[in-house]
Amino acid sequence: MTKLTTLSEAIRQYVHDGDCVFAAGFTHLIPFAAGHEIIRQGRKNLVLARATPDLIYDQMVAAGCARKIIFSYIGNPGVGSLRIVRQEIEAGRLEWEEYSHFSMISRLQAGAAGLPFIPMNQTAATDLEKANPQYKRVVDPYSGREVIVVPPLNPDVAIVHVQRCDASGNAQIWGIIGEQKEAAFAARHVILTAEEIVDEEVIRSDPNRTVIPGFIVDAVCHVPYCAHPSYTQGYYDRDNPFYLAWDKISETPEAVKAYLDEWVYGVKDREEYWQKLGEETRKRLEVAPRISSPVNYGQY
Amino acid sequence: MNYSASELMTINSARLLRDHDVVFVGVGLPNLACNLAQRTHAPNLLMIYEAGVIGARPARLPLSIGDPTLVSGAAAVCSMYEIFTLYLQRGNVDVGFLGGAQIDQFGNINVTVIGDYNHPKVRLPGSGGSMEIAAWANRCYIITPHQLRRFPARVDFHTSAGFLDGGDARAKTGVRGAGPQAVVTNLGILKPDANGELVLAALHPGCSFEQAQANTGWALKQAETMEVTPAPAEEDLRILREELDPQRIYI
């Protein structure tokens, strides 16, 4: 069954005011186009969850979409501070719930696995545990020692960008696979964005590469270059100069507003955004092919 | 010979790595230190990156922890849950590199907040992988400039455990890793004594104990045998400048 739809329709249908949203991707495959569409549609009071909020949540917080943020590292990766999220937290205008990477990802794993909580070994650093009441301790019934536990995270909607999927949402990812699978299984609804929509036969030619099965997917959107300024392995490079530029832009509210006006509100969709980026940037982000050796599944 | 503080810290950090170490690498100076060690005395160093990359062979300087160059040509890629469980929690990581806004007398690290947690004066990025790396890697090394504000007697917030209050406090918690084994600064190298207190174990050429003390927020002790680190070798500097960071982004 085809689940193909436009990104704007998918956001309209599956992202509502007040929802907990998980836009997946650890540095790789971050679905910026979906974040921009949420901003354009004016969603409010969202709870934004990601291990690394990255620029996508900085922009969504700047645009007034968020009530709360759930995270484990609020930096601009490779650059420094994530200024807007940081300012909003320091000013007391944004609620936050904080974890280490491992406990954040464990919450998602528990959510994906249908568990009531998930244990982790102690780390001897107890201040975050004291600051965030979601962390608890239970006694391991086998050893009698205490372990740290966190509850499942089940977002209302996960947005996952992939290299390729078929029309029913069987999705393949390669490169850094972060937490996409866990996010999709943990969430109540799943929106896929894809660089390429391929025939089901392409997916079935390499089933081990399928990370998300179509039956848990609600919407499939064909959105080439969705991840810019993040990247899609094998398709285009990370736009590191933009991550540096955002550090500058996010210094003043005026520059942020001008950016959002020009690059989010001022464009209709990702295609227009990608064209607007210009030939020079597109050329700079091109990547030479490096093809893997095929594997033999056998004809049985 | 001229070299920068970053080059000095990178080269001294590289020297701490042993051949066949499995290293949990971070971007910036740790990445340079590991790649330098791999090209010199530790050809069998296995580099693991937090983003879930095992046996990376970066062909260019990675500018973020999830740079695509880490994946192309790597031995394996896994999910974040797997990197923190199968690799780190299970005890498969020999060395972790850490930085910090604050490092205290007992090697505890703060990368979370300056001031009160609920009403932060300065909100820092937070743990990321730091909390678990500090707990579970067999050995941890910290790279940081030697500045008074970075070396308070006590951290404002325990993001990652060093030796807690010293003595057997860390051991009593049962965490598997041995904790911070060295802090490499631009002035020298601090190492924990038997009580877990960071003491000055080495000075870089031309640096003095007085300089180190002036930039440390507690009464700094000297190790029984104080060493002077060898000056950076020309070949190490060449590799850093010509091969690893030709645009001088981190050095």
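In chain A, the axes of helix α2 (residues 32-40) and helix α10 (residues 253-265) cross at roughly 105 degrees and come within 10 Å. The two helices, α2(A) and α10(A), are therefore roughly perpendicular to each other, a term for angles of 65 to 115 degrees. Axes are lines fitted to C-alpha atoms, for helices over the stretch in contact, with angles from 0 to 180 degrees between N-to-C directions. Helices (H or I, at least four residues) and strands (E, at least two) are DSSP runs, numbered from the N terminus. On α2(A) the contact is made by H36(A), I39(A) and R40(A), and on α10(A) by L260(A), V264(A) and Y265(A); contact means C-beta atoms, placed from the backbone, within 7 Å.

This is a predicted model: local features need pLDDT of at least 70 and side-chain atom pairs count only at pLDDT 80 or more, while totals for chains, interfaces and linings use all residues. Residues are numbered from 1 along each chain as its sequence is written, and chains are lettered from A and ligands numbered from 1 in the order in which they are written.

The side of chain B that touches chain A comprises 40 residues, in contact with 42 residues of chain A. Elements giving two or more residues to this side of chain B are α3 (80-89), β9 (120-123), α4 (130-136) and α5 (169-173). The table divides the residues of both contacts by class: Ala, Val, Leu, Ile, Met, Phe, Trp, Tyr, Cys and Pro count as nonpolar, Asp, Glu, Lys and Arg as charged, and the others, Gly among them, as polar.

| α2(A) with α10(A) | four residues | one residue | one residue |

Domain bounds come from an automatic or database domain assignment. The centres of these two domains of chain A, taken over C-alpha atoms, are separated by 34 Å.

In chain B, G179(B) lies in the loop between α5 and β11 (180-184). G179(B) counts as buried because it has 24 C-beta neighbours inside 10 Å; the cut-off is 20 or more other C-beta atoms within 10 Å, with C-beta atoms placed from the backbone.

Methods:
Angles under 35 degrees count as roughly parallel, over 145 as roughly antiparallel, 65 to 115 as roughly perpendicular and the rest as oblique. Two residues are in contact if their C-beta atoms, placed from the backbone, lie within 7 Å. A residue is buried if 20 or more other C-beta atoms lie within 10 Å of its own, exposed if 12 or fewer, and partly exposed in between; C-beta atoms are placed from the backbone.
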